[in-house]
Amino acid sequence: MSTASLFRWRQFLPQIILLNVRWYCRYSLSYRNLEEMMQERGIKVDHSTINRWVLQYAPELDKRIRQHLQPTNDSWRTDETYIKVRGVWKYLYRAVDSAGNTLDFMLSAKRDGKAAARFFGKVLKGQHTQTPRVITVDKNAAYPVAIDTLKADETLAAETELRQSKYLNNVIEQDHRNTKRIVKPMMGFKSFNTARRTLSGIEAMNMIKKGQVKGIGLGDSVSQAKFIEAIFEVSA
């Protein structure tokens, strides 16, 4: 979708929309927090409007940053964490490399071999990932099933090693904390689609924050904000 059509008929400037989406997906804020913060700046916008912005533009942000990500290494760390949707726990599969760079993520209703295989397949298709030399997971029995399935259909190289070690998987378990910290004020999601779309923005902002974007330094929040405006073709 072109940038012109993406912001067509919006009452607010694209810069204001992107600012709210960026802040919501990066910081531990509620929609009402953002409504108050905008009001302090002389901008009257309802929290429900900000909600609609996030649901529309968060997935687009995730999509647009992909081609700008730096390559990750071939040592994967994979784990899943819990996300509450309509009062029921769902599973957010996440993977990072040995340096802590995000490979990919996937929200799933189930935690089984098929879900794990689907997630690995998604990671393997990433523009910034490479075929893994080793995949480190915990003792979840679904992972060996998924790896065997992918090797059988030649989606995954036969020489890829599966290593089940909770200790070595501390990198990904620690990385979950950022996502959980931001999700906490949300008090659970109302639908699976809402969760999926919002989480895509949270994970995208996390990748930017980690310094995974080419030419954007770790911790350089000003350049990060300018980068987001640039990929949406919005001038400051």
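In the predicted model, strands β1 (residues 75-85) and β2 (residues 88-97) run antiparallel and are joined by 10 bridges. Within this pairing, threonine 81 lies opposite leucine 92 of β2. The two strands form a hairpin with 2 residues between them, and arginine 86 in the turn adopts a positive phi of about 50°. Strand β1 is mostly covered, with 9 of its 11 residues buried.

Strand β1 is also joined to strand β4 (residues 134-137), here in parallel and through 3 bridges. Tryptophan 76 has isoleucine 135 of β4 as its bridge partner. Strand β4 in turn pairs with β5 in the parallel sense over 4 bridges, and valine 134 stands opposite glutamate 161 in β5.

Together, 5 strands make up an open sheet of mixed pairing, in the order β3-β2-β1-β4-β5. Its edge strands are β3 (102-108) and β5 (161-164), each of which pairs on one side only. On average, neighbouring strands of the sheet are turned by 25° against each other, direction ignored.

Two helices that pack on the sheet are described next. Helix α5 (residues 113-124) packs on the sheet and touches β1, β2, β3 and β4. The direction of α5 makes about 145° with that of β3. Helix α6 (residues 142-152) likewise packs on the sheet, where β1, β2, β4 and β5 are touched. For α6, the angle between its direction and that of β5 is about 180°.

Notes: Residues are numbered from 1 along each chain as its sequence is written. This is a predicted model: local features need pLDDT of at least 70, side-chain atom pairs count only at pLDDT 80 or more; totals for chains, interfaces and linings use all residues. Side-chain values use heavy atoms; hydrogens and water are left out. Buried means under 20% relative accessible area, exposed over 50%, partly exposed in between (1.4 Å probe, protein chains only). Two strands pair if DSSP finds at least two bridges between them. Axes are lines fitted to C-alpha atoms, for helices over the stretch in contact, and angles run from 0 to 180 degrees between N-to-C directions. Contact means heavy atoms within 4.5 Å.
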